[in-house]
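User: Can you walk me through this one? I'd like the fold first, then a few local details.

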Amino acid sequence: MADQGDHEALLVRADEVSLPIGQISAGQVFVAELGGGLVGFASVVFRQDGDIELDGLFIEPEVWNSGVGRLLVAECGKFARNVGGHALRITGNPGAEKFYIACGFEILGIAKTPFGPGLRMRMSV
């Protein structure tokens, strides 16, 4: 999940954020709507080890702390479980560490990303 400091970086590196049509048609993208408008989305991809990667989680800042992010993570976890994955993994923004831990993720280590260091995290499903 991005934090306020990521807004500028995401605008500069917009090519790093994409939702391929195949990912959408395969049911690997989940959206959150509120009042008829899109307020967030999450996407997942399959990993070689059989787990599922939470590939993207974006929530509109005006609905942060409303439970939208948790609901999207829960849907991704349900997807992972339904396809036989044992865990949901993510390379998360260090600024969202408390959020991911509250969702049930544990920290595995640090990873290099185009946006700077990211937290490698795992949540059993």
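Predicted model: local features only at pLDDT ≥ 70, side-chain atom pairs only at ≥ 80, totals over all residues.

User: OK. How many helices and strands does the protein have?

Analyst: The protein has 4 helices and 6 strands. In sequence order the pattern runs α-α-β-β-β-α-β-α-β-β.

User: How much of it is buried?

Analyst: Of its 125 residues, 39% count as buried. The accessible surface is about 7,200 Å², and carbon and sulfur atoms hold 55% of that.

User: And contacts, what share comes from residues 24 or more positions apart?

Analyst: Taking contacts with a separation of 6 or more, 52% are between residues 24 or more positions apart.

User: Now the strands. Which sense does β4 take with β6, parallel or antiparallel?

Analyst: Antiparallel: β4, residues 87-92, pairs with β6, residues 116-124, over 6 bridges. Within that pairing, A87 sits opposite S124 of β6.

User: What about β5 and β6?

Analyst: β5 covers residues 106-113 and also pairs with β6 in the antiparallel sense, here over 7 bridges. T113 is opposite G116 of β6.

User: Switching to the surface. Which residues make the nonpolar patch?

Analyst: L19, I21 and I24 make a nonpolar surface patch of about 280 Å².

User: Where is L19?

Analyst: L19 lies in the loop between α1, residues 6-12, and α2, residues 21-25.

User: Why does L19 count as partly exposed?

Analyst: Because its relative accessibility is 32%, and partly exposed is the class between under 20% for buried and over 50% for exposed.

User: Last topic, backbone angles. What is phi of N65?

Analyst: Phi of N65 is near 65°, which is a positive value in a residue other than glycine.

User: Where does N65 sit?

Analyst: N65 is in the loop between β3, residues 52-59, and α3, residues 68-82.

User: Buried or exposed, and why?

Analyst: N65 counts as exposed because its relative accessibility is 84%, and the cut-off for exposed is over 50%.

Definitions and conventions. Residues numbered from 1 in each chain as written. Heavy atoms only, no water. Pairing = 2+ DSSP bridges. Helix = DSSP H or I, 4+ residues; strand = E, 2+ residues; numbered from the N terminus. Patch = residues over 30% accessible without salt bridge, like charges linked within 9 Å, V, L, I, M, F, W, Y side chains within 5 Å. Areas by Shrake-Rupley, 256 points an atom, 1.4 Å probe, with all protein chains shown as cover. Salt bridge = Lys/Arg side-chain N within 4 Å of Asp/Glu carboxyl O. Buried < 20%, exposed > 50% of the residue type's maximum accessible area, 1.4 Å probe, protein only. Contact = heavy atoms within 4.5 Å.
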